[in-house]
Amino acid sequence: MNTISRTSLLWLSASMLVSSAAVASGSLNIYSARQEALIAPALDAYAKKYRVTVNLVTGDADTLLSRLKLEGEASPADVFITVDAGRLYRAKEAGVLQPFETNTLDEVVPDHLHDREHYWYGLSQRARVIFYNPKKVNQADLSTYEDLADTKWKGQICVRSSSNIYNQSLVASMIEANGEEATLSWLQGFVKNFSRPPFGGDTDLLNAVSAGVCNITLANTYYYGRLGQSDDAADRKVYEQVKLFWPNQQEGERGAHVNVSGIGMTASAKNKRNVRRLVEFLTDHESQQWYADINNEYPVVEGIAPPKSLQPFGEFKADTISLSALGENNRLAVELMDKAGWK
Ligand code: FE
């Protein structure tokens, strides 16, 4: 029995969603910026376990957030799922989320991986780290994010645009760790080391490092893990030719920058009990393992092994600053990136 109804954002009006969700046994309406395949099987399992009708609307993160804002109190959505703490913060600031707690959530999701005021919780973790071409770069010369501003890397680094939330969140974490002034001067040195103007997405950049277009880039771990798992030999070749380096791992250093995919209860939620049960379900042992596996991400719950695709990367020390800070520092991060000329 298929208890979950799915639809693409493009086709569905809010009123259709409401009517299809009007089932006596209880329902739950989800707006998800995660692709259907990366979330739907877990929602299916939840729907069956609790006999809840789940309606899933998937779409682009910014489009879904705009829609939530537009719909306001009339929104049929109970839950918003998206990636990056910076985006979750935007949703909180926009007033489309409300705080919630359960008996278990605070215990199983580490403090730094949920909103300080419980507006959202991380569901999976990714690290944004250094990738390099070992034919061009001696691993022993790599050390920290901060070191990427050193003149020894002149003309060797390529990155994606500063409009991308992942880079904004990384810079926000550096503001938290090092302060505004140090971060601006880091950015100025870092930008000077670019081999060309920012371009592409993380996968394009990993390809560029593999092809020798540049020697070093920053990317999220799941993109690299995905290349290693690909059916396409060309992807696996990129995976072989590019190496991952965990930055800021030495004693006294803060660790690699991590971020989350996460979930929040909408301000308009009508099915609050079902929302709480869903978030507890998604943070139980089995769901965490499945969700991390299918997304090539790290679980947020401690004591669960990372998926096989990430195990070759080994263990690492993660920065444990509160991810709330990534949102709080976002505006300043964008301003400093702009000032430093990161296009
Ligand atoms: Fe991504």
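Guide: Domain bounds here come from an automatic or database domain assignment, and for this chain that assignment gives domain 1 (4–125 + 259–305) and domain 2 (126–256 + 318–340). The model is predicted, so local features need pLDDT of at least 70 and side-chain atom pairs count only at pLDDT 80 or more, while totals for chains, interfaces and linings use all residues. Residues are numbered from 1 along each chain as its sequence is written, and side-chain values use heavy atoms, with hydrogens and water left out.
Visitor: OK, how far apart are the centres of the two domains?
Guide: The C-alpha centres of domain 1 and domain 2 are 28 Å apart, and the contact between them (heavy atoms within 4.5 Å) takes 23 residues from domain 1 and 22 residues from domain 2.
Visitor: And what area gets buried there?
Guide: About 1800 Å² is buried between domain 1 and domain 2, with carbon and sulfur atoms giving 52% of that; buried area is the accessible area (1.4 Å probe) that two parts lose on being put together, summed over both. On the domain 1 side, His112, Arg116 and Asn296 supply 33% of the area buried against domain 2, more than any other three residues.
Visitor: Switching topic, how many salt bridges link the domains?
Guide: There are two salt bridges between domain 1 and domain 2, where the term means a side-chain nitrogen of Lys or Arg within 4 Å of a carboxyl oxygen of Asp or Glu.
Visitor: Which residue does Glu297 pair with?
Guide: Glu297 forms a salt bridge with Arg126, and their closest N and O atoms are 2.6 Å apart.
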